[in-house]
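Visitor: Please take a close look at one part of this model for me. I would like the pocket and the packing around it.

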Amino acid sequence: MKIAVASDHAGFERKKTIVSWLKDIGHDPVDLGPPNAESCDYPKYAYAVARSVRGGSAERGVLVCGSGIGMSMAANRLTGVRA
């Protein structure tokens, strides 16, 4: 299964672990960022995952953030997406 994955800066290390685990169990994860643990504009990454799932280029999406809600609030702004 193709799975889009992204995080905010606080979830960066956990995102790397999730991407590795998804590969290990046979999925095709697509890491949409951020590229490092520096402070970032997290909605940009949440939108990327949401657009991938909504557009069909990924079957599922995983959002990882420090608060547990910021990324989902951003993704939920896109019509047809529920995070």
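Guide: Buried means under 20% relative accessible area. This is a predicted model. Ser 7 has a relative accessible area of 0%, so Ser 7 is buried. Ser 7 sits in strand β1, which spans residues 2-7. Leaving out residues up to four places away in sequence, Ser 7 touches Phe 12, Lys 15, Gly 33, Pro 34, Tyr 45, Val 64 and Met 71.

Now Ala 6. With neighbours within four places in sequence set aside, the contacts of Ala 6 include Lys 15, Gly 33, Tyr 45, Val 64 and Met 71. Leu 32, Val 49, Val 62 and Leu 63 are also in contact with Ala 6.

Next, the core. The largest nonpolar core holds 13 residues. Ala 6, Ala 46, Ala 50, Met 71, Ala 75 and Val 81 have the most contacts inside it. Two or more residues of this core come from each of β1, α2 and α3 (70-75). α2 supplies the largest share, 4 residues.

Then the pocket. Rolling a probe the size of a water molecule over the atoms shows where empty space is left. α2 gives the most, with 4 residues. By class, the lining has 8 nonpolar, 2 polar and 2 charged residues.

Note on methods. Residues are numbered from 1 along each chain as its sequence is written. This is a predicted model: local features need pLDDT of at least 70, side-chain atom pairs count only at pLDDT 80 or more; totals for chains, interfaces and linings use all residues. Side-chain values use heavy atoms; hydrogens and water are left out. Ala, Val, Leu, Ile, Met, Phe, Trp, Tyr, Cys and Pro count as nonpolar, Asp, Glu, Lys and Arg as charged, and the others, Gly among them, as polar. Buried means under 20% relative accessible area, exposed over 50%, partly exposed in between (1.4 Å probe, protein chains only). Contact means heavy atoms within 4.5 Å. A nonpolar core is a set of buried Ala, Val, Leu, Ile, Met, Phe, Trp, Tyr and Cys residues joined through side-chain atoms within 4.5 Å.
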